[in-house]
Structure formats: structure tokens, C-alpha cells
Amino acid sequence: MTASLRAWARRYGALIRAGWLVDVQYRAAIVIWLILGVAQPAITLAVWWSVAGGGEVGGFGQADFARYFFAVMLIDQATLAWDIWYIDRWIREGELNFRLARPMNPLHEAIADNLAYKGKSVVLIALVWFLIAVFWPAVRLPFDPGRLALAAIATTLAAAIRFLTSYVNGLLAFWTTRATAIAELHWGVSLFLAGRIAPLSLLPPAVASVAGVLWFPYMLAFPVEILTGTLTDADAILSGFGWQLVWLAAWTCAYLFVWTRGRRRYGAVGG
Amino acid sequence: MERWVGRPAGDAGADRRQSGDGAPTPTPAPARPARPEGAGWPARLRRALGVLRAFWAANLAEELEYRANFLASLFATIFWLGMAVLTAAVFFRQTEELGGWGFWEVVALLGVFNAIGGIVDAVLRPNIGRIVDLVRRGTLDLILSKPVDAQFHVSFRRLVVWRLADVAFGLALSVFALTRIDRAPGVDAVVAFLLTLAAAFAIVYALWLGLMSFAFWFVDVENLGILFDALYEAGRFPVSAYPAPIRFVLVYLVPIAWITTVPAATLTGRGGWATSLAAAFVAVAALVLSRLLWRAALRRYTSAGG
């Protein structure tokens, strides 16, 4: 047991190191992707800031919006998964072949890449947030270790769900050449249902309640609201974690289904 | 003039020395962009149009091979237009106006945003967006040795024709939004709108060319075009909807305000002639600056392996 555990730790160590080194090679490109990642929340924040003015909008004042969207930037980077773009290419261009020949599921490589990538981007955003908070009191969070711990757990689960949606979406390339188009649609819907355009409580109640039973808010809005302290009610937090587990399980099943079926269909294009 | 429709060659089409046969072009000196000596503006313009027609006829032939893409692309256009309008609707649930603009005025702006985004995807991204690649691989050599201006070739060689649907649907959305406001634009407003829209295209082009000229200095950054996307996000809303410091940046430093806010303001009757003329001035200045930057960048180019 411990021996196999150690073997896995060694494998992951190697994979993460490899992913890390590739990223370092492309560091400038990664910073540019990071800028695109924060552009949308920053612009949305700027507009809400003006709308709120000196008053409140649906219970949100200017500072609340600022904290919310800073948290969105951080959690978005912590949960970001590019996998759809990679897997789609692996399958279409036959880059999956040598990965299938390895004595290890390609899933592990993807997970390790994600860990290596997020290590960098999350630290960078958190650092920038900290520096801005020194000068701009609106984005300061009260220090509360318990809440930070809860937010960390929720973020980890959110990252797992988002990773699986991206990975499964990528595996659809076994059947269709439009897997990336499906990813775009998923992204478009998540703008609203994951809480990127506005906190969910500002959406029409019907939309917010539909979102509540889907996986979207549990990939972003839920950890964001724990982190900013908007969500303090114990029942609400428990039910949020419950939904995260439900959707994690559902997407895991979807992964197993698509992976087993898809491999049978795979015709190994290219070489 | 004979229409040139050839094999959709990649950039390796070095065998194709000249496209518009019959045009009054002197034999160009090798390895230099052609400068037809003694030819005046009309001849140069006619020649440029002939080359452009040859480029795009080849592209059209290529794209028509993939007709299924058209439906998918159309669907994406309509989906993203809907999402953009819904985004505005989310804000307008909480407020009566964004920076003094009513809902339908913002929708008219979103139409312009979409139309210009369509031009970016149809012409700029597939052309100027590849400069980094050309520089890194040294394939820019092939373009520099052709008898057309390198900037012209690099800017307009390709056309992703389906994305022009974004232009059509975007402008249609703007017109629809106008019918919802009781402010039908007069002829002068339409002329002013077309002027500011042309200025907006010119500014977007200059931004891309300027951005991509940096590829000559930063060869290992392959996604410079993403920086434009990040900036362009700010064009979704009228600049008056932003806090003052951001507004200042968008008007005077990165000219995003001139790309979407100004044409939409002209269309909805908010901008006067002074604004339109200012837009034209900004456009000319942006074009000249970006051309200078491009020439400076070309002088740095040391060819493949250099």
C-alpha cells in the first residue's frame, strides 16, 4: 500500500515537474492568458461599481462588488481548465496514441498539468490582490482562518468539477469535430449561471434557482461567496458542499462512460 | 482583368510570383515590396484592388469546401448576440441607465461591438494575427520577396468569410435597436455613422498591426492577439459607464472608446459632427503610427535563423 502510494507520488512529482517546466518556457504567453482571464471580471466590476454609485444594488455596495469580482478572478484562475483544447487536439491529431501506450491513464498527466499551472497563476493573482489591498481598502477581506479553510475546500471541489467538465467535453472529440464549439456554448451559459456577469442573487429568481441545481455555480460562485463572506448560513454552506459532491460524482460517471466508449471508437488518426 | 483562382496555397506559394496579370505593373526588383515607379495613386489603388480580389477569390473557393461550417458559424453568431443582449439585460434589471445610455441604446452599441468583432475575426486575426508565426519560422521571407507591399499582403491575404455574418447580424441588431428608440437617424446621422464606423475599422486595424509589430521583438510570445481581446472586452459598454480613470484610459490611451462608443453614439444621435471628425483624426493618427511601428519592426527583421 505505502509502496504503491510512494510510486504514485513519484509519478505525480515527475509529471508536475514536466508541466511546470513547459509552462516556464511559455511564461510570457501564460501572463497574456492571465490578462485575458482577469479582463472580463475587471470590466464587469467597473460597470457595477458605477451602477452602485454611493448606494446599494440588490444588497451590494461598491466595496461588495469589488470583493466579489476580485474573488471571481482568483477562484476562476484556481479552477480554470484548458483541457478541452488539449484533448480535442490529442484525439483529432493522433497525439493520444503515445499517451495510450504509457502504463498510465492520460488523465493523470492532465491533472498534474493543472496543478502545475494553477500553482503559478493562483499565487500571482493572490499576490496582486494583496498588493492592491494595501492601497485600496475596498478589496480587503477580514482575516478568518475558518472561512479561508472552507473556501479552500470548496475551491478544490470546484476545480475538480470544472476539470472534469472540460476533460469530458474534450473526449467528445471521439465522436464529433465540434467539441470546442460545445465548450464555447458551455462557457456562454456559465457567464450567467456561474456568477460571472453578476452575483447570482442579482439574476432573475427563476434563473438563479435553475442555476442552483446545475453544476455551474459550484464551479465558481459558491467558493467565491464563501471567500467573500456573503455566504455565512451553515445550512446553505452544507447544501452547497452537498451539491458539489453530487456533481463531482455525476461528472466522474460521465467521464468513465465517455472514456470507455470513446476508446473503442478511437481510430488513431495521424501518428 | 483576369480572375485568378488558384490552388489554396499556404504561404509556401512562392511559385506564384504575380497574381493580377494584365495590370500595368513594371517588373519588381527582387526582395523588395513593389513600388511601381511613375505610377500615380489611381494605378496603385487599382492594382491593390486587383490583388485583393485575387486573394479573396482564392479564399472563397477554399471556404466553400467546408459549407457545413457556415451553419455552425451562423449558430454561434446568433448565440453570442443573444448572450450579449442578456448581459445588458442583467445590468438593466438593477438600473435605468448605464452611463446615461438606455437599454436599447446599449443594444445598438452591442450591434456595433459585434460587427467590428466580426471584422477582426474575418480579416485581422487570420492575417495579422499570424505575424508572430511568420517571424518565428522565417516564412515572412516569402512575403517580403513578393511584388506587393508586405504590410498589405500580411494584412489581407486571408478572409474567413463566414465571420462576416457577425458584421451583418451586428448591424441588423443596431438597426433593430434604433427602431425601439423614437429617434430615427437622419441622412446626416447615417453619413456620420458610416464615417465613424470606417474610423473604427481603421483604429482596430492599427491596434492589431501595432500589437503584432511587437512580434519582431518578442518572438516567443505566440498569443499577442489575446491582448486585443482583453482590451476589446471594454468595448461592450459605453465608456460613460466606467469610473472616470478607466474612461480616461479608454479615450486617450487605448482608443477603445472610438471603436464602439463613438459609432453607436453617432447612430443614436448623441454625437455631433465634432465627434465624427475627431474620430477620423484619431483613425488617421493611429494608421500613421502603426505604419511607422511596422516599418521600424521590419528593419529589425533578420530573416530565418537570424
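This is a predicted model: local features need pLDDT of at least 70, side-chain atom pairs count only at pLDDT 80 or more; totals for chains, interfaces and linings use all residues.
## Interface of chain A and chain B

In the interface, 33 residues of chain A are in contact with 30 residues of chain B. The two chains bury about 2,700 Å² between them, and 78% of this area is on carbon and sulfur atoms. Zero salt bridges are counted between chain A and chain B. Polar contacts do occur across the interface: five residue pairs are found, with both residues at pLDDT 80 or more.

On the side of chain A that touches chain B, helix 2 (27-52) and helix 8 (179-193) each supply at least two residues. Helix 2 of chain A gives the largest share, 16 residues. Sorted by class, this side of chain A has 26 nonpolar, five polar and two charged residues.

## Helix 2 of chain A against helix 9 of chain B

The axis of helix 2 of chain A comes within 8 Å of the axis of helix 9 (residues 225-232) of chain B, and the two cross at roughly 5°. Helix 2 of chain A is therefore roughly parallel to helix 9 of chain B, as the angle is under 35 degrees.

From helix 2 of chain A, the contact is made by A:Ile32, A:Trp33, A:Ile35, A:Leu36, A:Ala39 and A:Ile43. Helix 9 of chain B contributes B:Ile226, B:Leu227, B:Asp229 and B:Ala230. By class, the residues of this contact are nine nonpolar, no polar and one charged.

## Helix 3 against helix 9 within chain B

Helix 9 of chain B also packs with helix 3 (residues 103-127) of chain B, at an angle of about 175° and with the axes 13 Å apart. The two helices are therefore roughly antiparallel to each other, the angle being over 145 degrees.

Helix 3 of chain B makes this contact through B:Val112, B:Phe113, B:Ile116, B:Gly117, B:Val120 and B:Arg125. On helix 9 of chain B the residues are B:Phe228, B:Asp229 and B:Tyr232. The contact has six nonpolar, one polar and two charged residues. B:Asp229 takes part in the contact with helix 2 of chain A and in the contact with helix 3 of chain B.

## Salt bridges

Over all chains, the structure holds 15 salt bridges. One salt bridge pairs A:Asp23 with A:Lys120, with the closest N and O atoms 3.5 Å apart. A:Asp23 lies in helix 1 (residues 2-25) of chain A and A:Lys120 in helix 6 (residues 106-135) of chain A, so this pair ties together parts that are 97 residues apart in sequence.

Terms used
Residues are numbered from 1 along each chain as its sequence is written. Chains are lettered from A and ligands numbered from 1 in the order in which they are written. Side-chain values use heavy atoms; hydrogens and water are left out. Contact means heavy atoms within 4.5 Å. Buried area is the accessible area (1.4 Å probe) that two parts lose on being put together, summed over both. A salt bridge is a side-chain nitrogen of Lys or Arg within 4 Å of a carboxyl oxygen of Asp or Glu. A polar contact is a pair of N or O atoms within 3.5 Å; within protein, one must be able to donate a hydrogen and the other to accept it, and residues adjacent in sequence count only if both atoms are side-chain atoms. Helices (H or I, at least four residues) and strands (E, at least two) are DSSP runs, numbered from the N terminus. Ala, Val, Leu, Ile, Met, Phe, Trp, Tyr, Cys and Pro count as nonpolar, Asp, Glu, Lys and Arg as charged, and the others, Gly among them, as polar. Axes are lines fitted to C-alpha atoms, for helices over the stretch in contact, and angles run from 0 to 180 degrees between N-to-C directions. Angles under 35 degrees count as roughly parallel, over 145 as roughly antiparallel, 65 to 115 as roughly perpendicular and the rest as oblique.
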